[in-house]
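Good morning, and thank you for making time for this presentation.

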Amino acid sequence: MAGELRHRRAPEPEDVGAVPSSGSKEEGAEEWKGKKRDALGWLEWGRGWMAVVGEFLFQRIAASHLANPLELPPLEGVSIIVTGATSGIGLEMARQLAQAGAHVVMAVRRPKVAQELIQKWQNENSETGTPINAEVMELDLLSLDSVVKFADAWNARMAPLHVLINNAGIFAIGEPQRFSKDGHEEHMQVNHLAPALLAMLLIPSLLRGSPSRIVNVNSIMHTVGFVDAEDMNLTKRKYKSWLGYSNSKLAQVKFSSMLHKRIPAEAAVNVICASPGIVDTNVARDLPKVVVAAYHLIPYFIFDAQEGSRSTLFAASDPQVPEYCEMLKSEDWPVCACISYDCNPMNASEEAHNLETSQLVWEKTLEMIGLPPDALEKLIAGESVQCRYGQQEAE
């Protein structure tokens, strides 16, 4: 067992610096209101980078108790969508989930590659006689139209969805700022906006699969991010690629937390952010050659894809996770469940606990992905919602 989540209580706010240490959580949240900031304070920024360095140096030691690969429970009858499932930890997750008996939907940009992988897994499993229940659906997160098309196609099946794993992401260190055809900074769209739209539009299927889970693959880099809801595309300040990435990951935590708070407990759709650790995968394919070389020179500190998949697989399959999510919801904790690379609860950054800015990010995200402010409430009630993208109704 990776960790006894149900016996772990979330730390009090003063432990993470979420709100002032005096008074109740509610009072602390009130003190925050009206304090507009445009960047992290030096102490928060320093703590964030210390967390990044600490994870790099000690992740292998901290996760040494975990089996590799992680042991999964039987998953027959469980439907799981995995985005970005043709490489890195996404490939490992799809393979292991399928081998555990789940119906795995590989949501990818390159369907042909995914089909070849499924055939390979089928051949490998032919000796054991265990069939692989996997299929491929095309999805391009750089196109919000593609996201709507994917969600419409899945929802049209009227089938239950038990787990959505938003894994696909980009980290283009050292690259100039780029924008999608939808007009959004690429890190923000691929890492946050498109997964947020996908999760929202799949709410009807997740309700059919309830109890169900939305698992977002996040990063320790969210601790050095800061999201200005009025400048989520980073057009008003000097652009740096690491800032684009870290901001997108913080935006994901904030949106996930608001989604977690707004979904009624009786709906039993849980939202989790999982940090895979620092992993040597294709997410680093756009790094400068010297950085890629450094990755390969320090293999002891960096996880391989199989090791990096463990926290997300745990978040997606362990029976303790829904109990932990329910506990956080009952305590009105300001952040959704966050699972560390060692499959234990982790504290999100101080800024992630800021309910005021999380609400602003929630509202701005819905606007940017073309959904009305009451989209979640309507989808939970079984009503149709018009999305600006795709030009079709999500039902």
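I begin at Pro 211, which lies in the loop between helix H8 (203-208) and E5. Please bear in mind throughout that this is a predicted model. The peptide bond joining Ser 210 to Pro 211 is cis, with omega at about 0 degrees. A cis peptide bond also joins Asn 68 and Pro 69, and there omega is about 10 degrees. Pro 69 sits in the loop between helix H3 (42-62) and E1.

Met 158 is not a glycine, yet its phi is positive, at about 60 degrees. This residue belongs to the loop between H6 and E4. Cys 343 also has a positive phi without being a glycine, with a value near 65 degrees. Its place is in the loop between E7 and helix H14 (355-368).

Are these two residues buried or exposed? Met 158 has a relative accessible area of 56%, so it counts as exposed. For Cys 343 the relative accessible area is 0%, and Cys 343 is therefore buried.

Let me return to Asn 68 by way of one of its contacts. Glu 307, in helix H11 (residues 305-308), touches Asn 68, Arg 60 and Ile 302, if its neighbours within four places in sequence are left aside. Glu 307 has a relative accessible area of 11%, so this residue is buried.

I turn now to the sheet. In what order do its strands lie? The sheet is open and has seven strands, which follow the order E3-E2-E1-E4-E5-E6-E7 with parallel pairing. At the edges are strand E3 (134-138) and strand E7 (337-339), each of which pairs on one side only. From one strand to the next, the twist averages 20 degrees.

H4 touches strand E1 (79-83), E2, strand E4 (163-166) and strand E5 (212-217), and its direction makes about 160 degrees with that of E2. Helix H6 (residues 144-155) lies across E1, E2 and E3, and runs at about 140 degrees to E3.

H4 also has a helical partner. In general, two packed helices are described by the angle between their axes and the distance between the axes. For helix H4 (residues 88-99) and helix H5 (residues 111-125), the axes come within 11 Å and cross at roughly 40 degrees. That angle makes H4 oblique to H5. The crossing of H4 past H5 is right-handed.

Which residues meet between these two helices? From H4 come Leu 91, Ala 94, Arg 95 and Gln 99, and from H5 come Leu 117, Trp 121 and Asn 125. The residues of this contact divide into four nonpolar, two polar and one charged.

To close, I would draw your attention again to H4, which packs on the sheet and meets H5. Thank you for your attention.

Terms used: Residues are numbered from 1 along each chain as its sequence is written. This is a predicted model: local features need pLDDT of at least 70, side-chain atom pairs count only at pLDDT 80 or more; totals for chains, interfaces and linings use all residues. Side-chain values use heavy atoms; hydrogens and water are left out. Axes are lines fitted to C-alpha atoms, for helices over the stretch in contact, and angles run from 0 to 180 degrees between N-to-C directions. Helices (H or I, at least four residues) and strands (E, at least two) are DSSP runs, numbered from the N terminus. Angles under 35 degrees count as roughly parallel, over 145 as roughly antiparallel, 65 to 115 as roughly perpendicular and the rest as oblique. A crossing is left-handed if the near helix is turned anticlockwise from the far one by less than a right angle, and right-handed if clockwise. Contact means heavy atoms within 4.5 Å. Ala, Val, Leu, Ile, Met, Phe, Trp, Tyr, Cys and Pro count as nonpolar, Asp, Glu, Lys and Arg as charged, and the others, Gly among them, as polar. Two strands pair if DSSP finds at least two bridges between them. Buried means under 20% relative accessible area, exposed over 50%, partly exposed in between (1.4 Å probe, protein chains only).
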